[in-house]
Every structure is written in structure tokens, then in C-alpha cells.
Amino acid sequence: MEQNQTTKPAAPKGLLGMFGGALPKMPSLPVPSVPDPKTIGKNSKDQPSISQEIPAAGGGAWRKSSARKERRSASLASLAQRPGKVITVTRSSGAEAAVNDDDDDIQMGGMGKKKNSKRRFSPYNSRDRAARAKLKQAATESAPENRVDILISGFIPGSEENVLVFLQQKSKKTWTPLDFKVDQGQILLTVNGPVIANAVTRLNGYVFGTGPLNITQVSAPLPAQVSANAKPTTMDYIREFLRSRWNAEQHLLNLDSMAEDPILKKHAIRPPGHPKANDFSGPVMMKLAGDMFPTTVSISFARNTLKNVQPISTVAQFLPGIQNLSLEGNRISSFAGLDALAGQGKLKNLRELVLHGNPVYESERKRGNDRGYIKAIIKRFPSLEMIDGCPISLADPDVLSAKKRKLIPLDTKESFFDNEESKNAAIDFLTKYFHLFDKDRRGLGAVYNESSTFSVNAMLTLSNTKNKMRGRRKQHMMDDDQSVVSWPNLSRNLKQNGSKKPGKNLFIGTEQIITAMERLPVTDHDLSRPEDFLLDAYQQITPTATLLVVTLHGEFRAGDKETLHSFDRTLILHPTVPNPSNTAAGVSYVVVSDMLTVRDYCSIINRIGTD
């Protein structure tokens, strides 16, 4: 092919080729010479300027767009190498500061340490937290003291410091006592302000050690000094309303028709029973009433359009000692609407209840169901003596049955013996029996015979979590070691284990009984403390012999000497003919039936009635 042959134009591509177009001939452009870096800036006349325009030919919009993309994507180095352009690189102030750092280290943009910048606040900063705590403590210490005295009793002597720590933890407030005195088994505690005093007195009845604490406030706090410019709050308006409804002579808090009260209407406070009242109006009002008038005897909620007592249910918490309650003229339509005030331990001193004017009253009276009406109310409030102004006949069998069902469980009573002979025989037998049961269970073979029966019922729910094992591991350990098992393993609780095998874990005969007893955990019955046991013993006459029935309730320690369990044990004893075995053991009875129930620990002191 000849060199001077005319070059054939390239075929058009893309859209031009598709529609038969042809590309225009591109004019040749002069190629500028690459400037010498040594002469840059010295001979500016000979160098092309950046502002000089280069003529464009054809495809102007496309070329401009390509040029802009090229400029955006080009790096600084590539721009510097372009012919005809002079690029001057200057050091920014930030970069200079980064290079001239005190540590001669280079800052890498946003990841470096910023100087002269305000530190962001962090609520997790321990220094800030400590500073705020110091400011709060200083403000508390600088505030004037408002001393309130509280009397505490019901604790074990010697545990006074533990009582103080217990109150500080349970009150959920941060406080320190202003004064702390102990005298004759009582603590006189002085705290600062009614807020702390209310938090402590709220713990009245909490169990500490072996019994409940008795916490009462013996001095009222000083009235708070309000600034003349302070704006009254909603709480202040509610207090004003309660003061206007208080009758000090009768200890009566009259809260009738609260929606029509001018004080509440003026400040747009919607009381309990109002269709637009929020869930907090009732509790707040009862809390303030309990703080202001703790000696309230009678309280009336008549004509408040209450559909149930849920909005005012906290009256049982903040005014637990009320004796007379009126719910007259409301909209309570069922006995279930009273359940929020009923229950164990609520309104124990309530003597009179008025429900006249409620749909539940009208419907029951219209049906002539007076006895059912009274019975349903007594079931919920067993301490009542008057309903709707009429006294309740205590001789009514329905009333008595309702009261008995509500009083269960009964308090544990003292030990019972039908005669002195039964008492002496039971005490003598049990003393020798438990000595062998704790020390040498194999020696108990003398008090059982081939017709004796023995069973264990384990009712333990507070088991030690570190001894819990599940699945196959537990089964393997039981298979490997059959010598010692836990109480539930030999339990004959038919309700828990099912009734498919009612004979399982019922041991009959001396050998089965002694073998089962030897597998049970080690026990320690401290018979030197008779106050930890309750014993009933009486004789039962049969055609063949006179049996002695012995029932013992008490406690024992497990083998670790730390875990306490309560137990009930019922033994039916039969007089036996003297023989060498029982003579050596020193017993004159043989066990016909032995039923042992093991429970979680419950102190007898808390179960014996004090009346």
C-alpha cells in the first residue's frame, strides 16, 4: 500500500452509523510545546495563558461536558503535567499547623486531635458526674434543716445499724440521718424534710429479720417557706381543695361531687370519676390526703360518677385506717367494681360501707336478693359491721361462712394435748426418735415393723440454684450415686408426680423404710429450742388398741448447717410388747404410719397468733 494514499475515513459508529450519518472532518489543532519548568514564570510572554481560549469545532455541548468531567476526575499531578498550564501549589494554614505540631506528628484530617475546640458534653463523664454530685450535696447542705422524727420498733436488739442500712436501701432515696438514737428496743430517727420522712414511713410493715417493722412519724415537718414570687402549682390547688373539704372534729374527708367544686373547676382540674380525668388524678389526690390528714376515720366519694373504685383504689394504701366509706350515688353496676379495694390486708379496719344509689344496689334489692347482696360484700370486706346504714347480724350462717373463708389461712395456735399422759409419752418418744434420725438412722429399725409405712412429701420451691441439674446429667448422677438423694427424689406428692403410680415412693416394712431414710439428706433437729416446735398429741381408741397420734411442726437444718427447712410430721404410734430391740432403744411404741412433709422455711414466730 502506498504511503501517500489518501486515508479512508473511518465508518461512523453509534447513532450516526445507525441512521446513515457522517462525522464532520475535524480540523487539526496546533500542539503547544511543553514548557520548561525552569523557565516557568520568567518568560511569561512566550508561554500560553490559562485564560486563552482554544477554538472548538463541532459537538460543543458534548465536548464541554467531557471537559468538565475530565477536570473533576483529574488529579493534581495530572493537571500539573498538562501542557500550557501553570499550577502553583501552596501550603494551607491547616496543613502547616499539622506539620508544625508540638509532637512533630502529622495530623490525618478529622481523626486527629482538635485544638481550641469546645469539648462535647457527655453524661457518662465521671468527672462531670462527680462535679454535679458535689453541687447537689452543697445545695442540700446549705438548705435549712426541716427535722422530722420517726419512731421505729419491731427489730431484733443489736441490729440497729442494719435497720438503718435497710431503710436507706428500701426508701430509694439518698439521705443520711440528722440524728439516730436507740433506747429500750426502739430507734428515734431524725431525717431532713417531709420527702425523706414519707419515703421511710412508707416502709411500715416491711419484714426485717424475723418480723415486720413498726415505723411511725412522731413529729410533723415545719411548713415550707414559699417565695412571694413563686407561682402556685396544681399540687397547691389540690391541697387547697382538700383543706376546704376536711372536717377536723369528725375526722371526715368529704369528697362528694368533686366535679362541681369551684376550686377544681377554676383551675381546670378533672377529679376521679370525670370522663376526661387522667389516670394520675386519683392517686395524687389520695397521696396528698394521706400526707395532710393521716388520722382520717371517714371518707366519702358520693356522687362522683364512678363506674368502679379503680380511680380511688390507692386510698387503701395512703389511708389504710379508715373505718367508714361512702360510695353513694355512683355508677357501680357489679360487685367486681369493688375488687380494687378488696383483698388480703386492705382496709382491715373498715366498719361501715354505703353503696346506696348504685346500680348494683338497686338491681339486687329489686330482685329481693338481700342475703346474696350482703354475702357478696362481706366476702370482699369481712370486717364490716354495717352496710347501707343497717347493722349486719353476726349470727347469720351465710355471714359467718363468708368471714371464715376470708380469714383463711388461720394463725397457728399453741400446742395441744388431750391429757398429761399423752404429752409425756409424745415428748419422750420424739426426743429419742430424732436423736437417732439425726445421728444413726439404722438404729430406728427398732421402732418400725413389717407393716409400718413411711412417705415423704417435698414442697420446696426456693431450691438452691447452684445444685440444680437438668436433663441427662442429673439422671446420670442419680444412676451413679444411689446412696444420697435430695428430698424431691423420694417425694410422694401425687399432685406433682401424677397418679399413674400411686404406690411409688411409699415404703413398707422395716428394711425399705430404713434404706429410704439413709438415702435422705442429713438433718439436725435442735430440740433444745422448744419455741421452734409445735406439738399436738392425743389418744385414739380402736377395737384392738389405743393409738397415740402425734403431729409435730418445726424446723431443721440441712447438712450444710446453713439451710433451714420447715417440716410437718404425723406419726401414728401403737404400744408394743417389750422385746430386746425396742428395750435397747428405750422406746415403748412402734410406728404404724409415718408421713413427713418438708417445706420452705417459715418461722413459727410469724405464724403464731398474738391475740
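With which residue does Arg 599 form a salt bridge, and how far apart are the closest N and O atoms?

Reply: This is a predicted model, in which local features need pLDDT of at least 70, side-chain atom pairs count only at pLDDT 80 or more, and totals for chains, interfaces and linings use all residues. Residues are numbered from 1 along each chain as its sequence is written, and side-chain values use heavy atoms, leaving out hydrogens and water.

The partner of Arg 599 is Asp 568, and the closest N and O atoms of this salt bridge are 2.5 Å apart. A salt bridge here is a side-chain nitrogen of Lys or Arg within 4 Å of a carboxyl oxygen of Asp or Glu. Because Arg 599 belongs to strand β21 and Asp 568 to strand β20, the pair ties together parts that are 31 residues apart in sequence. Helices (H or I, at least four residues) and strands (E, at least two) are DSSP runs, numbered from the N terminus. Arg 599 counts as partly exposed because its relative accessibility is 30%. In these terms, buried means under 20% relative accessible area, exposed means over 50%, and partly exposed lies in between (1.4 Å probe, protein chains only).

Elsewhere, salt bridges that share partners join Arg 442, Glu 511 and Glu 518 into one network.

The strands themselves also pair. Strands β20 (residues 564-575) and β21 (residues 589-600) do so in the antiparallel sense over 11 bridges, where pairing requires that DSSP find at least two bridges between two strands. As background, the strands of a sheet pair through backbone hydrogen bonds, either parallel or antiparallel.

Asp 256 counts as buried because its relative accessibility is 15%, whereas Arg 303, at 45%, counts as partly exposed.

Phe 301 touches Asp 256, and its other contacts include Leu 255, Met 286 and Leu 327, not counting residues up to four places away in sequence; contact means heavy atoms within 4.5 Å. Phe 301, Leu 327 and Phe 381 touch the most other members of the largest nonpolar core, which has 45 residues. Several helices each supply at least two residues of this core, among them α8 (234-244), α10 (281-292) and α13 (370-380). Apart from it lies another core, of 37 residues, including Phe 434, Phe 437, Ile 514 and Val 587. A nonpolar core is a set of buried Ala, Val, Leu, Ile, Met, Phe, Trp, Tyr and Cys residues joined through side-chain atoms within 4.5 Å. In soluble globular proteins, nonpolar side chains tend to be buried together.

In helix α7 (residues 194-201), Ile 196, Ala 197, Ala 199, Val 200 and Thr 201 are buried, and the buried residues of α7 pack against β1 (147-153), α6 (160-170), β3 (186-192) and β6 (214-217). Strands β1 and β3 pair in the antiparallel sense over six bridges, with Leu 151 opposite Leu 188 in β3. Strand β1 is joined to β6, also antiparallel, by four bridges.

For the whole picture, the protein has 19 helices and 21 strands. Of its 611 residues, 29% count as buried. Among contacts between residues at least 6 apart in sequence, 68% join residues at least 24 apart.
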